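These are my notebook entries on one protein structure. I set down what I looked up, entry by entry.

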Amino acid sequence: MFSDGSGGYGSREGDEGSEGEGSRERRRSGGRRGGGGARRGSSRRRSGGPDGPDEGSGGASGPPANPESVARAICLRLLTMGPKTRAQLAEALRKREVPDEAADAVLDRFTELGLINDEAFAEAWVDSRHHGRGLARRALAAELRHRGVDSDTVNEAVERVDSDQEADTARRLVERKLASTRGLDAQVRTRRLAGMLARKGYGAGLAYRVVREALENEGVEIEDDFP
């Protein structure tokens, strides 16, 4: 009795469980097939057909961008990041393949409006780089030419720093560096300090004169024939 009863109960439970699982599986499978079909249909509707938008429809292609509008957008974006010379903006437009005619028209208009002003750029550059970095006129001129500023504008800008001001700046640079060279041989100190000034664009004559003065003020004797 126990054997038959337990076997009958187990059989019915297995049948019921199997039927329930089969029904659930069919429902899940059907749901996935239906969802996939809906998504595929939606994709076809969005694309307008299996090969993309229909020819002549609004999604096939937009009107070509106006070159001057493109040029204006590029220039405005660059100018919001900081002042730029006309040459720098022209180079950016060439890299974006803006036609020369459109580029020139936009650059001319921006110049008329004062958005491009190489003279003001050069003056601000000289003031900032000389007082902030201690650069000499030679280094300042090289930086401005590298940014496309014409020679006349460069010369006028660097003349804002006269010889006396340049020498005073060189002395301040040496004074700041002097302590870090103490304990070294006098000739080594001289070369290091003069080299620092040379990298900032100071001529050899001014550099060695300023270094000699600073070392002599510390009581360091410098040979007359050095350098």
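Is Ala120 buried, exposed or partly exposed? I find Ala120 partly exposed, because its relative accessible area is 39%; buried means under 20% relative accessible area, exposed over 50%, and partly exposed in between, with a 1.4 Å probe and protein chains only.

Entry on conventions. I am working with a predicted model, in which local features need pLDDT of at least 70 and side-chain atom pairs count only at pLDDT 80 or more, while totals for chains, interfaces and linings use all residues. Residues are numbered from 1 along each chain as its sequence is written, and side-chain values use heavy atoms, with hydrogens and water left out.

Entry on Ala120. I located Ala120 in helix H5, residues 118-133; helices (H or I, at least four residues) are DSSP runs, numbered from the N terminus. I then took the C-alpha separation of Ala120 and Thr85, which is 9.6 Å for residues 35 apart along the chain.

Entry on the nonpolar cores. I use the term for a set of buried Ala, Val, Leu, Ile, Met, Phe, Trp, Tyr and Cys residues joined through side-chain atoms within 4.5 Å. The largest such core has 19 residues, and Val174, Leu178, Leu197, Tyr202 and Val211 have the most contacts inside it. Two or more residues come from each of helices H8 (163-178), H9 (186-199) and H10 (204-217). H10 gives the largest share, six residues. I listed the contacts (heavy atoms within 4.5 Å) of Leu197 beyond four places in sequence: they are Ala170, Leu173, Val174, Tyr202, Ala207 and Val211. Another core lies apart from this one and holds 15 residues, including Ile74 and Ile116.

Entry on H9. I counted 14 residues in H9, with 20 Å from first C-alpha to last, close to the 20 Å expected at 1.5 Å a residue; the expected span is 1.5 Å times one less than the number of residues. Among the buried residues of H9 are Ala186, Thr190, Leu193 and Leu197, and their cover includes H8 and H10. After H9 comes Gly201, with a positive phi near 95°.

Entry on Glu175. I find Glu175 in helix H8, and it counts as exposed because its relative accessibility is 57%. Glu175 and Leu193 lie 9.6 Å apart, C-alpha to C-alpha, and 18 residues apart in sequence.

Entry on salt bridges. The rule asks for a side-chain nitrogen of Lys or Arg within 4 Å of a carboxyl oxygen of Asp or Glu, and by it I count 12 salt bridges. Arg129 pairs with Glu143, with the closest N and O atoms 2.7 Å apart. This pair joins H5 to helix H6 (residues 137-146) across 14 residues, and Glu143 is buried at 17% relative accessible area. Glu213 pairs with Arg171 at 3.2 Å between the closest N and O atoms, linking H10 to H8 across 42 residues.

Which parts does the pair of Glu218 and Arg189 tie together? Their closest N and O atoms are 3.0 Å apart. Glu218 lies in the segment after H10 and Arg189 in H9, so the pair ties together parts 29 residues apart in sequence. Arg189 is buried at 4% relative accessible area, whereas Glu218 is partly exposed at 30% relative accessibility. I also noted that Glu123, Asp127 and Arg160 are linked in a network of salt bridges.
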